[in-house]
Amino acid sequence: MRVDAVRNRQRIFDEAQRAVRAGEITLTLNELARRSDVGVGTVYRLFPTRRAMLEAVLEDSVRDLSAAATEAEHCPEPVRALVDVLHTALLAALAQPGLIDVLITATDETESLRQAKAELAAGTSRLLDRIRPAPALTGENLLKLLCGLIHAINEHPAGRQPAAIDAYLGILRAGLTPGPAS
């Protein structure tokens, strides 16, 4: 690849990353080209769709969550480990607009994101296998629950969101912890 093409790709990706971090998840590819000072065709070669752009920008975050789930498998307290992973995921989703959409959408445009999400679902499923909640919960269902938690937390003013995270995760933890035998 030519040096100027590499530079343009990086400039486009950096601008897309800035926009997504700023909450501009509906940024058009034409606007991205204008901001990156490149031709529209150059942007479309890198990102064929706006969804592909969002996936590319947020894929590393999905991989980070997957790594956190894999790391948590070594924790001797599986409920605490799962709650810690969910806490990390909640903070990441609150800080990165579009992440929850990328996590919850069943149809991904890039194989690498599909793989990262499968690894995340598998890692959380292995944690759930250690807990064995009743009724059973899968890693995929847990991602949907995470979406609901994000929505609930976003209903709180920013200053109260940390307390809301703790409260909701406390409720979840209580539901995962086996009660006294009947």
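A pocket here is an open set of points on a 1 Å grid over the protein atoms alone, with protein on both sides within 12 Å along at least five of seven lines. A cavity is a set of such points where a 1.4 Å probe fits but cannot get out. This is a predicted model, in which local features need pLDDT of at least 70, side-chain atom pairs count only at pLDDT 80 or more, and totals for chains, interfaces and linings use all residues. Residues are numbered from 1 along each chain as its sequence is written, and side-chain values use heavy atoms, leaving out hydrogens and water.

**View 1. Welcome to the largest pocket.** The largest pocket holds about 240 Å³ of space, a volume being the space filled by probe spheres set on grid points joined across faces, edges and corners. Its lining residues (those with an atom within 4 Å of a point) include Leu103, Asp108, Arg114 and Glu140.

**View 2. Helices around the largest pocket.** Helices H6 (99-104), H7 (111-131) and H8 (139-154) each give two or more residues to this lining; helices are DSSP runs (H or I, at least four residues) numbered from the N terminus. H7 provides the largest share, 4 residues. By class, the lining has 6 nonpolar, 1 polar and 5 charged residues, where Ala, Val, Leu, Ile, Met, Phe, Trp, Tyr, Cys and Pro count as nonpolar, Asp, Glu, Lys and Arg as charged, and the others, Gly among them, as polar.

**View 3. Inside the largest cavity.** Searching the whole structure turns up 1 cavity of 30 Å³ or more. The largest cavity has a volume of about 60 Å³, and Leu65, Val85 and Thr124 are among the residues lining it. Helix H5 (78-95), H7 and H8 each supply at least two lining residues. This lining has 8 nonpolar, 1 polar and no charged residues.
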